[in-house]
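Subject: Structure handover

Hello,

Below is the structure you asked to take over. Please open it beside this email and follow along; the notes after it say what was found.

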Amino acid sequence: MKPDMLMSTGVPSKQQIDGVTPPESRRKQGPFVVIECFQEIPCDPCYHSCRFGAIKPLESLNDIPQVDWDRCTGCGICVAACPGLAIFVVDEAFSDTECLIAIPYEFVPLPEKGDPVYLLDREGRRVGQGVAHRVVPGRKPQGTPVVWVRAPNELSMEARHLLPAEKASKKAGQASDKAADQASDKASAGESLTGKGGMNCVSR
Ligand code: SF4
Ligand code: SF4
């Protein structure tokens, strides 16, 4: 995807993501922040929320935030503070097989610790499954809830949203109930499901 696609789709390019990812040596050391904020907008709660000076001082309110990864502890405070839901924390050193990803999540109900979740990429595609490892409710007045998910290691820089698995199966159930209802309505009205013949029509 070309960099300018961000303007039309809201999805950043690989180059843009690479530009906000710390070097390999830092990634191995523990949790790090990933600020996927690419537009110059008048906004700075991320800068003010960080107690560790890991988000460099902005010269102008419109500046894009820059990170000092040596100072970042991966605490996740800035994830909850960002009104654009543009900040994530990734811990690739969590275990040999799993990483931790802090994802801002503004839906209710919140998943609970231990709940299975589907992991979605930046385009909303389901890319795998994970588990809600820690759920931090939002603090008023403007804190966003943050769900820390355990995810397969290879999804550390891919998974950026989640869908509670129970909610997804309920949705799927509702969709199939709806489809079944529609099918039943059509069948009772004698309408074809195939468009070619009646449901009970047998070729002879
Ligand atoms: S994760 Fe914590 S230490 Fe790192 S930039 Fe955000 S607030 Fe600062
Ligand atoms: S708070 Fe979020 S949207 Fe605002 S500048 Fe920081 S990263 Fe960008």
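Before the notes on strands, one term: two strands count as paired if DSSP finds at least two bridges between them. Please also keep in mind that this is a predicted model.

**Overall**

The secondary structure comes to six helices and seven strands. Starting at the N terminus, the order of elements is α-α-α-β-α-α-β-β-β-β-β-β-α. Of the 204 residues in the protein, 25% are buried. Among contacts with a separation of 6 or more, 55% are between residues 24 or more positions apart.

The mean pLDDT is 86, and 80% of the residues reach 70 or more. Residues 186–204 are a stretch to read with care: pLDDT stays under 50 there, and the model has nine contacts beyond four places in sequence for them.

β2 covers residues 87–91. Is this strand enclosed or open? Five of its five residues are buried, so β2 is largely enclosed by the rest of the structure. Its side chains point two ways: I87, V89 and D91 go to one side, F88 and V90 to the other, and all are buried. In a regular strand, side chains alternate between the two faces of the sheet.

β2 runs antiparallel to β1, with four bridges joining the two. V34 has F88 in β2 as its bridge partner. β2 also pairs with β3 in the antiparallel sense, over three bridges. Here V89 has A102 in β3 as its bridge partner, and a hairpin of six residues joins β2 to β3.

β4 (residues 116–120) and β5 (residues 126–136) pair in the antiparallel sense over five bridges. Y118 stands opposite Q129 in β5. Their hairpin has five residues between the strands, and G124 in that hairpin takes a positive phi near 85 degrees. β5 pairs with β6 (residues 146–152) as well, antiparallel and over five bridges. There, R134 stands opposite W148 in β6.

**The nonpolar core**

Which residues of the largest nonpolar core touch the most other members? The core has 37 residues, and the answer is V33, C78, V79, F88, I101, I103 and V149. The elements giving two or more residues to this core are β1, α5, β2, β3, β4 and β6. In soluble globular proteins, nonpolar side chains tend to be buried together.

C78 is in helix α5. A residue is buried if 20 or more other C-beta atoms lie within 10 Å of its own; C78 counts as buried because it has 27 C-beta neighbours inside 10 Å. Leaving aside neighbours within four places in sequence, C78 is in contact with V33, C46, S49, C50, I55 and I87. C78 and Y47 are 31 residues apart in sequence, yet their C-alpha atoms are 7.9 Å apart in space.

Ligand 1 has 14 residues around it, of which C50, A54, C72, C75 and C78 come nearest. By class, this shell has ten nonpolar, four polar and no charged residues.

Around ligand 2 are I35, C37, C43, D44, P45, C46, P65, C82, G84, A86 and I87. That shell has nine nonpolar, one polar and one charged residues.

**Backbone details**

Most residues other than glycine have a negative phi, and most peptide bonds are trans. Two places depart from this. L85, in the loop between α5 and β2, has a positive phi near 50 degrees. L85 is partly exposed, with 16 other C-beta atoms within 10 Å. The peptide bond from V108 to P109 is cis, with omega near -5 degrees, and P109 lies in the loop between β3 and β4.

Regards

Technical notes: Residues numbered from 1 in each chain as written. Chains lettered and ligands numbered in written order. Near = placed C-beta within 6 Å. Nonpolar A, V, L, I, M, F, W, Y, C, P; charged D, E, K, R; others polar. pLDDT = per-residue confidence, 0-100. Contact = placed C-beta atoms within 7 Å. Core = buried A, V, L, I, M, F, W, Y, C linked by C-beta atoms within 7 Å. Buried ≥ 20, exposed ≤ 12 C-beta atoms within 10 Å, placed from the backbone.
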